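Subject: Structure handover

Hi,

Here is the structure for you to look over. My notes on it follow below.

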Amino acid sequence: MAVFRIAGGAPLYGHVTVGGSKNSALAILAAAALAEGESVLENIPKHTDVYVMCRILEELGVRVWVDQKGRFHVDGRGLSRYTPSYDLARRIRGSIYTAGLLLARFGRAEVPLPGGCAIGSRGVDFHIKGFQQLGADVSIEHGLIKAETAGLVGTKIYINRASVGATVNMMLAAVLAKGTTVLENAAKEPEVVDLAIFLNAMGAKIRGAGTDVIKIQGVSKLQPAEYSIIPDRLEAGTFMIAVGACGGEVTLHNVVPEHLRTPVIKLKEAGLHIEAGDSELVVRSHKRPVSVDVETAVYPGFPTDLQQPFVAMMSVAEGTSVVRETIFTDRFRYVDELRRMGADIKMEQDTAIVRGVQRLTGAPVEVSDLRAGAALVIAALAADGETRVEGAEVLSRGYERIDQKLAALGARIAVEGEIDSDGLFAELCHPMRVET
Ligand code: EPU
């Protein structure tokens, strides 16, 4: 277990380069294995969730290796097994993407029910129903999603909620199906669009990604491709919110400002000054933020993944804000930890009523999930005195060395224990070959 010891109160100044998108990377790594050849992927972040995905693919016979420039090479020629191990699959939600991959390549998949952050009930019913509609027999037995088909056939699939994961999985399965699949009420998140662009570069025929109707005309084979994935809008949003909570001026590089349209609107309402360039955002704040109400929603709404960091910022804002979570049933576990630091937050079912206080005070707190970790780090940066953020290694699931990036901006942050994702990468991805 790792601990961040953070001495709060320092504003953040400087430049930070945002890494590649975790949630894009998880989908695109699985997609790359659809081709019998070697794809080359750039801007893949070295997050522990990404390492686990690589290990899962390796377990299935896919060759994954990283060259000196940090590009990931994924070669699906060796794909020969259809059961990822429970030990790896339970660690990440993205492991469920192997079901779409394996059904498309083999017509057979036995995939453990996935894990991922504990943020409430995370069903798989949309995935299962979609696979069934594509012509697979699907059952859940002994903790495995067992799916089999003599050949997937395109059809119309209405996804009950605009689920990111179900949209991704249907795209992975349908690209090699016979005929045309129409996904209705599809997720519109940038990560879904990124996946569609990559799949089209491989020879898939996908139209409409980014709208709620995606049409996929099945093809018989995909070719490997070279691709650079989008920047992580959630990492970028986290740094912007940190500036709001602590004050300062930070330039974010490697961002797509359009992906952050709603968070930027809300942060401007809270009093931050934000200027957008082509791939930069300059964020400035020299006074206490003011309270703003937020309701999470599917893209282009306010992302659920920034709800926790935003509440941390609202904890020190002037006035009272009402923050409602509509995507996940239990994404407020960090609130008790914020209260230890003096936050005044009242919970009413899916809504946090946050009465901003002048100052939070440092305290020992514990990370329950990835974005909760980001929220606690932001609160600690803004607080008086020292905060011990325990379980800080969880942040490596979706942030690459956030401690170093924050320290470079002037944050006073020390690490106890192991959170080095480079180290984990070498360890976790053994025998993944790293070119020397
Ligand atoms: N849902 C079902 N049944 C399903 C699928 C989803 O009921 O078969 C429900 C979920 O329980 C949830 C809602 O639908 O209440 C939306 O879930 P969705 O499927 O969109 O989420 P996901 O694919 O499991 C991805 C990201 C999450 C992000 C959400 C929402 C990955 C690996 N994870 O999860 O990222 O919060 O979309 O945008 O892409 C994170 O990065 O911290 C994170 C949790």
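Where is the place of Pro300? Pro300 is in the loop between strand S17 (294–295) and helix H10 (307–314). Bear in mind throughout that this is a predicted model.

Backbone first. The peptide bond between Tyr299 and Pro300 is cis, with omega at about 10 degrees. Please keep an eye on that bond when you set up the file. Asn185 also deserves a look. Its phi is positive, about 60 degrees, though Asn185 is not a glycine. This residue sits in the loop that runs between strand S10 (180–184) and helix H7 (190–201).

Which pocket holds the ligand? The ligand is in the largest pocket.

Why does the ligand lie between domain 1 and domain 2? Both domain 1 (3–19 + 231–426) and domain 2 (22–230) give residues to the shell, so the ligand lies between them.

There are 24 residues around the ligand. Those that come nearest are Asp125, Ser163, Asp305, Ile327 and Arg371. By class, the shell splits into nine nonpolar, seven polar and eight charged residues.

Some distances to oxygen atoms of the ligand:

- Lys22: a side-chain N or O atom is 2.9 Å from a ligand oxygen.
- Arg161: a side-chain N or O atom is 3.5 Å from a ligand oxygen.
- Ile327: a backbone N or O atom is 2.5 Å from a ligand oxygen.

How much of the ligand's accessible area does the protein cover? On its own, the ligand has 830 Å² of accessible area, and the protein covers 92% of that.

Best wishes

How values were computed: Residues numbered from 1 in each chain as written. Predicted model: local features only at pLDDT ≥ 70, side-chain atom pairs only at ≥ 80, totals over all residues. Heavy atoms only, no water. Near = heavy atom within 4 Å. Polar contact = N/O pair within 3.5 Å; in protein donor to acceptor, adjacent residues only side chain to side chain. Areas by Shrake-Rupley, 256 points an atom, 1.4 Å probe, with all protein chains shown as cover. 1 Å grid on protein atoms, 1.4 Å probe; cavity = no way out; pocket = protein on both sides within 12 Å on 5 of 7 lines; lining within 4 Å. Sits in = over half its atoms within 2 Å of the grid points. Nonpolar A, V, L, I, M, F, W, Y, C, P; charged D, E, K, R; others polar. Domains from an automatic or database assignment. Helix = DSSP H or I, 4+ residues; strand = E, 2+ residues; numbered from the N terminus.
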